[in-house]
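This report walks through a structure for a reader who is meeting it here. Please keep the sequence and the 3D view at hand while reading.

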Amino acid sequence: MTLATRLVPLLAIATALMFAPAPFMIYGAPLESTMGVIQKIFYFHVPAATAAFMGAIVCGVASALFLWRRNRLADHFALSGAELAVLFGLIMLVTGPLWARKAWGIWWQWDVRLTTALVMWMVFVSYLLVRRFGGPGSEMMSAVVGVFGMALVPFVYISVNFWRTIHPTTNVVPSLPASMMWPFGWSMIAFTLLFTTLLLVRVRLETNRAMLEDAYVAMED
Amino acid sequence: MLRWKTEKNWLGFGLVALQGQDGFKPATDLGRETLPALPLVYGAYAFCWLVVIGYVFLLWRRLDRVEKDLKEVSGRVGAARR
């Protein structure tokens with residue numbers, strides 16, 4: 001039993017314990033003065049976006065490592081990271097417009113933050129599509145896509161500070177009052193634990209798949 | 001207020017036409033017109049949980065299937081080697 005396999009149950013319990021009081025903490029957080037109750041989406045929207053960024057970074061770094069060293073485990077991490085970037089990116093892209101509908105009066109605005117976030121998500125969707133339908137050698141092609149996807153992360157993050165946009169800037173989080181920072185920080189830790197748990201389980205699935213393929217080859221021989 | 005005016009055309013059919021507003025009246029008891037936020041907040045949280053639970057369920061099923069296959073194939077490979 002590997003360390004990662006032993007860590008997963010502990011991480012899963014820690015994640016559940018973190019998520020259990022989160023709704024009460026979010027409910028207890030004060031209402032924002034201009035947006036009111038709709039701002040409560042922030043406590044899941046931003047951690048989901050951060051988890052999507054983490055997935056993108058894991059995928060990009062592991063893809064670069066795979067291209068450099070042809071390491072199989074790195075490829076497993078890259079695929080798992082891409083899948084999680086798509087999963088959490090989907091949450092980010094759906095909860096954002098639900099917030100925007102009330103706060104801005106529109107579901108979507110083709111401004112730089114929203115557009116770059118959508119493009120980044122689509123890059124990781126294309127990573128998974130290349131992986132699924134690319135045939136032999138698709139792990140090399142998708143690794144290049146993964147590196148490009150990771151390169152988009154800083155652009156998505158800083159875009160709100162450099163271009164004119166209606167999306168809140170990155171100054172919002174550091175300037176949060178303690179009453180809002182607590183539930184936000186709590187959600188961030190909960191999402192990070194969820195991301196780590198899912199990543200380790202997904203890597204285990206991919207490692208087992210590779211072992212299964214090897215076993216089939218051994219059987220044929 | 002928009003009003004509807006019914007007139008007969010040259011064939012005798014009744015036509016309904018939208019007539020322009022010819023006066024404005026101040027509202028006395030008109031509730032604050034606003035989009036309710038709570039359904040959007042609940043929708044966002046429900047979507048988030050649905051996606052995560054759905055993914056965990058699919059991941060668990062995929063892992064279970066692969067581990068079963070792996071056990072079976074490893075057993076067969078081991079038996080063949082013996």
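This is a predicted model: local features need pLDDT of at least 70, side-chain atom pairs count only at pLDDT 80 or more; totals for chains, interfaces and linings use all residues.

By class, the contact of H1(A) with H7(A) is made of 15 nonpolar residues, four polar ones and one charged residue.

## Chain A as a whole

Chain A holds seven helices and zero strands, and along the sequence its pattern reads α-α-α-α-α-α-α. Its C-alpha trace spans about 70 × 35 × 25 Å along the principal axes.

Of the 221 residues in chain A, 41% count as buried. When contacts in chain A between residues at least 6 apart in sequence are considered, 78% of them join residues at least 24 apart.

## The pairing of H3 and H4

Two packed helices are described by the angle between their axes and the distance between the axes. For H3(A) and H4(A), the axes come within 7 Å and cross at roughly 155 degrees, which means that H3(A) is roughly antiparallel to H4(A). The crossing of H3(A) and H4(A) is left-handed, and their contact comprises 21 nonpolar, seven polar and two charged residues.

## Helix H5 and its surroundings

How far apart are the end C-alpha atoms of helix H5, residues 112–133 of chain A? They are 31 Å apart, which agrees with the 32 Å that its 22 residues should span at 1.5 Å a residue. After H5(A) comes A:Gly135, whose phi is positive, near 75 degrees.

The buried residues of H5(A) include A:Leu114, A:Ala117, A:Met120, A:Trp121, A:Phe124 and A:Tyr127, and A:Arg113 and A:Arg131 are also among them. The helices against which the buried residues of H5(A) pack are H3 (42–69), H4 (72–103) and H6 (138–162) of chain A.

## A closer look at Ala117

A:Ala117 has its place in helix H5 of chain A. Is A:Ala117 buried or exposed? With 23 other C-beta atoms within 10 Å, A:Ala117 is buried, because a residue counts as buried if 20 or more such atoms lie within that distance.

Leaving aside residues up to four places away in sequence, A:Ala117 touches A:Met92, A:Leu93 and A:Val156. A:Ala117 and A:Gly89 are 28 residues apart in sequence, and in space they are 8.1 Å apart from C-alpha to C-alpha.

## Where chains A and B meet

Chain A also has a partner, and the contact takes 28 residues from chain A and 23 residues from chain B. On the side of chain B that touches chain A, these residues divide into 17 nonpolar, two polar and four charged.

Key. Residues are numbered from 1 along each chain as its sequence is written. Chains are lettered from A and ligands numbered from 1 in the order in which they are written. Helices (H or I, at least four residues) and strands (E, at least two) are DSSP runs, numbered from the N terminus. The expected span of a helix is 1.5 Å times one less than its number of residues. A residue is buried if 20 or more other C-beta atoms lie within 10 Å of its own, exposed if 12 or fewer, and partly exposed in between; C-beta atoms are placed from the backbone. Two residues are in contact if their C-beta atoms, placed from the backbone, lie within 7 Å. Ala, Val, Leu, Ile, Met, Phe, Trp, Tyr, Cys and Pro count as nonpolar, Asp, Glu, Lys and Arg as charged, and the others, Gly among them, as polar. Axes are lines fitted to C-alpha atoms, for helices over the stretch in contact, and angles run from 0 to 180 degrees between N-to-C directions. Angles under 35 degrees count as roughly parallel, over 145 as roughly antiparallel, 65 to 115 as roughly perpendicular and the rest as oblique. A crossing is left-handed if the near helix is turned anticlockwise from the far one by less than a right angle, and right-handed if clockwise.
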